[in-house]
Amino acid sequence: MKHLVSFRVGTQLFGIEILLVREIDTCLDCTPVQLAPSYIVGLANLRGQIVTLFDLGDRLGVKRRTERTGTHDIMLRSTSDLALVRSRVHRNDLFTCADPIGLRVDGIGDIVEVEDGAVESVPANVTGLERQFLSGVALLVDELLLILDLRQLLDPR
Amino acid sequence: MTEDELEILEEFVQESREHLAAIEPDLLEMERQGSGTASEIVNRVFRAIHSTKGGAAFLAFESLKDFSHVMENVLMLIRDGKLEIRPTVIDALLRGVDVLRRMVDDVRKSDTVDCSVERGLLDEILQERLPKTTANMVHGTPNVANAFAATGAAATSPVAEFVVEPDPPASERDTILRELLAHGHQVYRFLVKSPAEWNSLGVTKDQLERSVLEVGRIIDKCPRGSSQLAPERGGPVIDWEIASVLDRRLLAAATGLPEPYISSIGRSEIDVGKSPMRENGVVQPVSLAPSQAGTRIPSPAPQPRINIPEVVVRHAAQETQASLPPSIALAKDKNLAQIAAKEQSNEGNETLRVRVELLNRLMDSASELVLGRNQLLRALKEQADKSAGLGIILQHIDRVTTDLQEGIMQTRMQQIGSLFGRFARVARDLGRQLGKNVELRAEGNHVELDKSIIEALVDPLTHIVRNAVDHAIETPDERRKRKKPEVGRILLSASHESGQVKIIIEDDGRGIDRTKVLRKAIEKGLITATAAEKATERDVVNLLMSPGFSTADQISDVSGRGVGMDVVRNNVEALGGQIEIDSELGVGTSVQLRLPLTLAIIPSLIVGAAGGRFAVPQASIVELVWVRSDDARERIQCLQGALMLRLRERLVPLVKVDDVLSGNTAAAAEQSGWGTATDNRDHYILLLRTGTDQYGLVVDELFESEEIVVKPLPHFLKGIECFAGTTILGDGSVTMILDPSGIAARAGLRFAAASVAEVGMSTMARQNGVIQRSVILFAGSPAEQYIVPQEQVLRLERVDRANLQRAGGKDYVCYRGVGLPLVRLEQVLPVSGVPDIAEEVFLLIPRMGRGRAAEPTAGILVWRILDALDMELNLQAGLFSGPGVRGATLLDGVLTTFIDPVALVESVHPSKERAA
């Protein structure tokens, strides 16, 4: 059984394991960085820590919503953060990076419980940029939830 | 491996590294002093090796132990005067230290380190001496006649623990004890009282003895006659006095004797002289045969306190003296004094080992605190004026925060001596290899720098020193021919200079051959032949530090691989420092590095550009230039799409932050209409220094200066060369720190071209007879305005009129807690003074001396500071003359008097030298 934080980028529903999430903030003030990759919104100050904010829409190649009302930043745990969690839940498959990272999304959904068996591999007809960033797909009652693979997402290449 | 063991291991590695690092300078000193080397130095080396060996034995690193044992043997020969100190011996020892270092660095694989060559060198030395000395060096039993004679000498030398003497005679035992104590040994008592207990431990006496000898020394197997009672008669099975550098816990682990059976004996309680023969008043010769329980001379009746195992009160050391022959007492006296002195000095520099990681965390927290403080001060600024008391609290927090931060920074400071120390070895080894005589001296060892800077300096300095030995210092023959002393000298020095640390590496070698450098540069296509003719000194130095440049005729394994000074320059600049090279052909070269004290917090200027704010490190800002819209056409020029600023006698390339950050190329500059008729904007230009070059960075706005805490660039932005890092400003926003050299690189600036242009420019300027100067424009009263040269102004300060005071017919102003004499313009010149109604006035403090010695001697009272600008001075005779008046010029239609503030002040307050 996994608990996933669900969120929307554009109209699509995505999910990320809750163990990887440190906190969720409403859209933080951030400083854009010139010459940075286009998927980086900028840097934000989260209580003295400098967080790199990803534009998930740009990273996944999904069109973002234009209205900004639901915009949230999902703060991921950094490596040191995760080390604490890891030892508690004995999960070695969790992955994150050393820098504090935030994901800018269009809306936050529910926490979704997914049975381990209910996660399927990415269907062959999902193509494009987003495919490489997905680790699996969960079928919810009325919609597909795409589960993000941080190992790919946080790889600067 | 348990955590405890890991900790022990780490501690051992750490300590061994320190020991080994300390040995090197001592070995070099031994080489310098030769056979006259102070025994203190030899002993220090010996001890360091000895401790390393002890630890290695305990942790069962066999090769480490064996190798240090061999080193120790050689050192022992030296110590006992049986081996002459000569370069080959020192060579072998130095190489031995290297081996030990390699072993310690990867201690778990230390057994795999190949040390056969070094081992061979050391063995050879030992072979040469050993046959004659083995007998009494290693296995021999000390003979008592010698023991007396040797007492004095032994007093200053540590005793090798592998020489297992039978219970040493009293005097010797005392000396040994004192000696061991002085060198950090602890004395312990192993006491196992009943045979039942002993049996339950499951060790034999032999085993115990062997394991003790691995890590320490048995001083006495039956102290104070207690144990002349054989076990079967109810005496303890084991009652040994042990000396070891290990602590009790480790000792227990090392010997296998559980802690409860080991009691530590405090320094003051040590039973020096309370040996069996003491009671007789004279030291008697003792049998040399290994002692057996029964052969000891029994001392008077067993003392009752034997039964208290933990705390044993023992006689004070002084007691012994009365009972010793005068000569020994004397030696002992001296010895005691030495020990006392040592203990005293130890108290003076009590230190604590702290993990760097913890320090870093503390430093981070302190940095955050500084940020928080800044934010707090900003947020409460207005309230502080309104509510009484708040201001004082804020001030207090402000001060404490600063103290705390400085204190924590201090903990990371290391003396540069630790870095300099290693270069004597580098220079010596390389010199020997190249057949040169080189002596390296270091000055200013006490100057402190941040640990991270010291670490980052290792490579650049090594390179510079190797360069000096390889390229600069001539062979002895050549030096003789040039009538230079045969021994080439390299001087490393460090000193503080205006908030930075200046490191100079000077040699008395052959200097940089300008023509050779240029020839090479042309060969390598770094410069054209025509450009080479015009090359300035700076161009030559620049060439030296350009990638792929190397003048070595032969490629040696020392240098000459073309990786060189450019890397040095990059490294130094990455630290926020600068490098300069001065050289005189045939006389020598001097490389100067200027470095910030610390990396973590740097003063910087916040500027506005490209729609955001950026921080620029103050260290790289040479000056700020404001080009007013009226001057823009003349002062900013567009040459083949590249913008140039005319600054005094030079042309400086300009880079616009906006262009660089938006990826625009030079074409954009032309489109901007800069330097054309349509250019009617004010321009703010930061003159930045990168290496020996300067360029102007064009920004939109200048904000305040701020002390910023540098944070590394996030991983995803690492590739962006324009940024040196990020920071959080006082208002909480994240800001990028601009990297001057990265921007220059990205903008594709080619400085060689610029400096040639500069030559042309300066001749041009001279022909026109116009000199540009930076001046400060101020008003003395609403009616009169003046300019003073900027370089003659030490400081401009706003002062409250309340701080102006009059005493003894003279005006003073309270300035930084002292009364500074005040000069009013109307005192000296026929002008009107600062209006009385002005509440807020300014103080212009002239720079009276040169350099740092410039102490304020007086201040000139000024009504308003109007501007700081660069202008061409076309001076005419003014309306009036007087002290310090140099002429007048028209500025925007207003007649402006040009004043020499120094002369003005001196006319009222003659300086001491002039008065004399």
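In what order do the 4 strands of the open sheet in chain B stand? In this predicted model, the order is 2-3-1-4, and the pairing is antiparallel. Strand 2 (216-220) and strand 4 (262-265) of chain B sit at the edges, each pairing on one side only. From one strand to the next, the twist averages 35°. Inside this sheet, strand 1 (residues 186-192) and strand 3 (residues 238-244) of chain B run antiparallel and are linked by 7 bridges. One pairing to look for is B:Phe190, whose bridge partner in strand 3 of chain B is B:Trp240. A helix goes with this sheet too: helix 10 (residues 248-255) of chain B lies across strand 1, strand 3 and strand 4 of chain B. Helix 10 of chain B runs at about 140° to strand 4 of chain B.

Chain B has 916 residues, and 48% of them are buried. Its secondary structure comes to 29 helices and 33 strands. Chain A, with 157 residues, has 51% of them buried, and its tally is 3 helices and 12 strands. For contacts between residues at least 6 apart in sequence, 61% of those in chain A join residues at least 24 apart. The corresponding share in chain B is 69%. As for surface, chain A exposes about 7,700 Å², with carbon and sulfur atoms supplying 50% of it. Chain B exposes about 43,800 Å², and there carbon and sulfur atoms account for 52%.

Back in chain B, another open sheet has 5 strands, in the order 20-12-13-22-21, and here the pairing is mixed. Strand 20 (701-709) and strand 21 (723-728) of chain B are at the edges with a single partner strand each, so one side of each has no neighbour in the sheet. The twist in this sheet averages 35° from one strand to the next. Strand 12 (residues 601-609) and strand 13 (residues 612-617) of chain B run antiparallel, joined by 6 bridges. Within that pair, B:Val607 has B:Phe614 of strand 13 of chain B as its bridge partner.

With strand 17 (residues 650-656) of chain B, the pairing is parallel over 3 bridges, and B:Lys656 stands opposite B:Val698. With strand 18 (residues 683-690) of chain B, the pairing is antiparallel over 7 bridges, and B:Leu687 has B:Gly696 as its bridge partner.

Now for the helices. How do helix 13 and helix 14 of chain B cross? The axes of helix 13 (residues 356-386) and helix 14 (residues 390-411) of chain B come within 9 Å and cross at roughly 160°. The two helices are therefore roughly antiparallel to each other, and helix 13 of chain B passes helix 14 of chain B in a left-handed crossing. On the helix 13 side, the residues that meet helix 14 of chain B include B:Leu359, B:Leu362, B:Met363, B:Ala366, B:Leu369 and B:Arg373. Among those met on helix 14 of chain B are B:Leu394, B:Ile397, B:Asp398, B:Thr401, B:Leu404 and B:Ile408. An α-helix has 3.6 residues a turn, so residues three or four places apart point the same way. Helix 20 (residues 537-544) of chain B, for its part, is mostly covered, with 6 of its 8 residues buried. Those are B:Asp539, B:Val540, B:Val541, B:Asn542, B:Leu543 and B:Leu544.

In chain A, one residue makes a handy landmark: A:Gly102, found in strand 8 (residues 101-105) of chain A. Is A:Gly102 buried or exposed? A:Gly102 is buried, because its relative accessible area is 0%, and the cut-off for buried is under 20%. Leaving out residues up to four places away in sequence, A:Gly102 touches A:Val51, A:Thr52, A:Leu53, A:Phe54, A:Ile74 and A:Met75. A:His72 is 30 residues away from A:Gly102 in sequence, with 9.5 Å between their C-alpha atoms.

How values were computed:
Residues are numbered from 1 along each chain as its sequence is written. Chains are lettered from A and ligands numbered from 1 in the order in which they are written. This is a predicted model: local features need pLDDT of at least 70, side-chain atom pairs count only at pLDDT 80 or more; totals for chains, interfaces and linings use all residues. Side-chain values use heavy atoms; hydrogens and water are left out. Buried means under 20% relative accessible area, exposed over 50%, partly exposed in between (1.4 Å probe, protein chains only). Contact means heavy atoms within 4.5 Å. Accessible areas come from the Shrake-Rupley method with a 1.4 Å probe; for residues, only the protein chains shown count as cover. Two strands pair if DSSP finds at least two bridges between them. Axes are lines fitted to C-alpha atoms, for helices over the stretch in contact, and angles run from 0 to 180 degrees between N-to-C directions. Angles under 35 degrees count as roughly parallel, over 145 as roughly antiparallel, 65 to 115 as roughly perpendicular and the rest as oblique. A crossing is left-handed if the near helix is turned anticlockwise from the far one by less than a right angle, and right-handed if clockwise.
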